[in-house]
Amino acid sequence: MHFEKVELQNQIKDFEKQEKQLSEDKNKWIQQLREVYIEKLQLQSTNKNTLLHLNKERERIDERTNLIKTRALSLKEKTVECTLEIETKTTQIEEYEKNIKELEIKTKNNKEQLEDLQKQQNLLEQKIRTITRDLQQAEARKESQQELEDRYANYYQGVKEILKRRETIKGVRGPIGELLQVSEELSVAMDTALGSAIQHIVVSDPSSASNCISILKNHRLGRATFLPLSVIKGKSMPASILKDLEMVSGFIGMANTLVTYEEPYEKIASHLLGTTIISRDLQSGISISKMVQNRYRIVSLEGDVIHAGGSMTGGATKKQQNSSVFSRKNTIQKLANEIDKQSKVYKELKSEFDSKERVIHQFENQIDQGQTKWKEYLFQLEKMNDSKDRELEKLNLLKEEKVSSEYEEKILIKNLSEVEKQIAAEKELKNTISNEIIKIKTDMETSTMSEEERINRLYTIQKELQNAQQKLAVLLEREKQIRIDIQNSKNIIETEQRAVDSIQNELEENKKEESSQIQTRNEITQSFNIQNQKKREINQSLKTMRNDKKELERSVESNRKQLQELTYSLKNTWTEIAKLESRSGRYEVAIDHHLNRLSEEYGLSFELARKEYRLSLTTEEASATVHRLKDEIQHLGIVNLASIEEFERISKRYEFLTEQQNDLITAKEILLNTMNEMDQEVSTRFEKKFYEIKNQFEITFPKLFGGGKATIQLTDPTNILETGIEITAQPPGKRLQQLSLLSGGEKAFTAIALLFSIIEVSSVPFCILDEVEAALDEANVTRFGKYVSSFEGKTQFIIITHRKGTMQEADVLYGVTMQDSGVSRLASVRFDDKENV
C-alpha cells in the first residue's frame, strides 16, 4: 500500500506537472522537459551508485553474520570448558574447606588439652617455686647454723682457741657438745644437765691437757676445762635404785643412757651424766627426789633442776632458740633431713614438670603444624576461590559475549532485511526512473504536436489526474484504517511480548543452571588447551633462546678478544696518564704554593696581581723592596682588622642587654606589686588568725592550769609583718607577769597551752611531740594527758615520753627493750578498754 500510495502521489505530481506544462508556452515546456530529463539521468546515476553500495553492504553483513556464527560456536565450546573447570574448582574448594574444618576441630581439641596441661604445669610450677623457696630458706638456715657451728659459737674463748688449733695439737678429741648426740625433745634437759660441762674438751691423756693449758697461758687466750680419757672414771646409779626408778611414773631414764656417743667416750658420758635422772616434768621429779631421798640430781624435760640435797632451780630461760650447742646440732640435722625430703619432692615435681613440658612441646608442635597446614589449606582455598572467581568472571564474560554476539546477529539480520528492502526500493526506483526517462523522451518527441493535440492531451491528463486523486483519497482512508489496526496490533504484540519475556527469563534461568553444570568440564578443557598452548609456546621460546644463546656465545667470544686488545691498549694509556698526572701534580703543588704565598703574604689573587702590579723592577730590586716594606709593617705593630665587626657585635650586645634591662625593670615592678599584694594578704590573714589563737589561748590556759589567766599581745600592732609577740601569764596563786619571769615548768606548760590553742584553731591530722611534758610535775602531767585525750577523733598524737600520766592516757604504747646485750626489740601494747587498765 505504501508503494502504491507513493506511486499515485508521483503520478499526481507528474500529471500536475504535465498539465502545467501543457498549459504554458510550448517552447518553455520543451525546455522544462529537457531539464527534467537531465535531472532524471542524474537520479538514475545516483540510483546506480546506491545499488552498488547496498549490494556491498549486504555482502559485508553476510560475512559478519558468518563470522558471528563461527564465534558463537567457539564461545559455546569455551563456555563448556569453563563450566567444567568451575565444577572441578568447586570440588577442590569443598575438599579444602573440609580439611580446614577438620584441622580447626583438631587444633581446638589440641588447644584445650594444651590449656589443661599448661594449668597443670602452672600448678606444678607454683609448687616447685614454693618448694624451691622453702628449700632455699632451709639451706640458708642450715648454712647459718653450720657457720655458727664451724665458728664454735656459744663456746668460751679458750675453748674456741683450742678447737681452732685442734689439727695442730696432739690428743684433742673435741668438746662434749660435739661428741654427744641428743634428740630434740631432750636437748633442753641435756643442756641444763651438762651446764658449762658441755664446753669441756675431751683429750687423750693428761699430757695433752697440759699442753693445751700451756698454749692458753702462753698466748693469753683464756681458760678451758679438759677431760683426759685415760684418767676419767665413769659414774653409775646403783642397780637397786635404778630398778625402783623404772617403776616410777614420769621417770624418763638416766641421762647417760639417753644420749648417743661413740664407744671410747662412754666413761666421759657416764662421768658427767651417770647419776643424773631425767624426769617428764617437775612434779614427777619431786616424787623421784623423795624416793631417792634427795641424793641425786634430777632434771625435767622443761629444764627444771632438783639438786642433790633438795634445792631446786627453774623458771623461764632467756636463751634464744638454737642458742645451745645441742639445739643447734639438732636444728642442723633437722634442716638436713628436711632439705633431703624437699629435694626428693623437688626432683619428683621437676621430673613431672619436665614431662608436662615435653608433652606441651609436642602439643605446641602439633598446633604449629596444624596452623601451618591450616594456612597452607587456607592459601590454597583462597587460590582456588580466586581461580574459581576468575573462571566465573570468564564465564560471565563469555555469556556476555554470547549475548552480545546474538544481539549483534539480530541487528545484522535486521540491517540485512532493511538493506534488502532498500535494494528492492532502489530497483523499483530504478525502473520508475527508466520509465520516466522513456516517457520524457516520448514527451520530447511529441513536443511538436499541434494545438488541438495539446488540448486533447491536456484534457486527457486532467482526467487521469482526477482519477489518480480519487484513488489517492481512497488509499489515504485505507491507510488511516490500517494505522488504527496497527496500533491495536501493537498493543496485542506488547502483551504477547511481555509473556515472551517472562518465558525467556525462565529459559535463561534454565540455561544458567545448565551452563553451571557443564561449566566445570569446559574449564578443565580450556585449562588443558591453555597448558598445551603454553607448552608449545615455551618449547618455541626455548628453541629461540637456544639459538640466541649460540649467537650470544659467538658474540661474547668476539667481544672477549676485542676486550683483551682494548685492555692492553687501555693499560698503556693509563701508564701514560699516570706519568702525566704525576708531572701535573708536581706543577699544581708548585702553583698552589706560589698562589698561597701570594694570597697569605700580599692578600692578592693571581689575576689581580697580574693586572694591577706589573713588575717594572728587576727581581733583586723587587725582593729588596719587599723586605723593606715588611720591616716597616712590623714596626707599625698589631692592627685590629676586625674592629668594625667587633663594633657591630658589641653594638648588638648592648642593644640586647638594654632590652634585657628594660624587661628586668618591668619584671621588678611586677614582682614588687605582687609582694605588696602578698604582704597585704599575709598581714590580713596573720592578724585574723592571731586574734583567733589569742582568744583560744585565753580559754585553753585556765583549762590546763586549773585556773589563772594568760594572753598574747603584738609588740607593734601598726607593723604586722615585723611585729613581735609578747606572752603574759598568771598561773593560779601568782601575779600576772611575762613568760620570761615564769619557772621552767610554768614556761613549758604555757608553751603547751599555746600549742594546743593553735591546734584548736587550725586542726591537723596528726602531731608528734618529743618529751614536751618532761619539765612538768605529776599533777600537770596528768592534766596534760587528759587534755591530749580530748583531741581524740580530731588529731592523732605521737608522743615520745617517759611520764606515767601521759602513758595512762595513751591508746597504744610502743617500747624498745634490750633483753640481750646489743639486741633491741620493739614491744607494743594496745589498750582497747581504758577502764580495765
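A residue is called buried here when its relative accessible area is under 20%, exposed when that area is over 50%, and partly exposed in between. The legends below describe close-up views of a predicted model.

**View 1. A salt bridge joins Glu-85 and Lys-89 within helix H2**. The closest N and O atoms of the two side chains lie 3.5 Å apart. Because the two residues are four positions apart in helix H2, which covers residues 26-150, about one helical turn separates them.

**View 2. In helix H14, the side chains of Arg-685 and Glu-681 meet in a salt bridge**. The distance from N to O in this pair is 2.8 Å, and the two residues, four apart in a helix that spans residues 643-705, are separated by about one helical turn. Arg-685 is exposed, with a relative accessible area of 59%, whereas Glu-681, with a relative accessible area of 39%, is partly exposed.

**View 3. Glu-746 and Lys-734 form a salt bridge that links distant parts of the chain**. The N to O distance in this salt bridge is 2.4 Å. Glu-746 belongs to helix H15 (residues 744-761), while Lys-734 sits in the loop between strand S10 (725-730) and strand S11 (737-738), and the two residues are 12 residues apart. Glu-746 is buried, with a relative accessible area of 12%, but Lys-734 is partly exposed, with a relative accessible area of 39%.

**View 4. Three strands form an open sheet in the order S1-S2-S3, with mixed pairing**. Strand S1 (172-175) and strand S3 (226-228) stand at the edges, and each has a single partner strand, so one side of each is left without a neighbour in the sheet. Neighbouring strands are turned against each other by 25° on average, with direction ignored. S1 and strand S2 (residues 201-203) run antiparallel and are joined by three bridges, and in S2 the residue Val-203 is the bridge partner of Val-172. Helix H6, made of residues 206-219, packs on the sheet and touches S1, S2 and S3, and the direction of this helix makes about 160° with that of S3.

**View 5. Helix H5 is largely enclosed by the rest of the structure**. This helix covers residues 187-194, and six of its eight residues are buried, which is the reason for describing H5 as largely enclosed. The buried residues are Ser-187, Ala-189, Met-190, Asp-191, Ala-193 and Leu-194. Just after the helix, Gly-195 takes a positive phi of about 60°.

**View 6. Tyr-587, Ile-591, Leu-595 and Phe-606 form a nonpolar patch on the surface**. Together these residues have about 400 Å² of accessible area. Helix H11, which runs over residues 451-602, gives the most to the patch, with three residues. Leu-595 is found in helix H11, and, at 32% relative accessibility, this leucine counts as partly exposed.

Definitions and conventions
Residues numbered from 1 in each chain as written. Predicted model: local features only at pLDDT ≥ 70, side-chain atom pairs only at ≥ 80, totals over all residues. Heavy atoms only, no water. Buried < 20%, exposed > 50% of the residue type's maximum accessible area, 1.4 Å probe, protein only. Patch = residues over 30% accessible without salt bridge, like charges linked within 9 Å, V, L, I, M, F, W, Y side chains within 5 Å. Areas by Shrake-Rupley, 256 points an atom, 1.4 Å probe, with all protein chains shown as cover. Salt bridge = Lys/Arg side-chain N within 4 Å of Asp/Glu carboxyl O. Pairing = 2+ DSSP bridges. Axes fitted to C-alpha atoms, helices over the stretch in contact; angles between N-to-C directions. Contact = heavy atoms within 4.5 Å.
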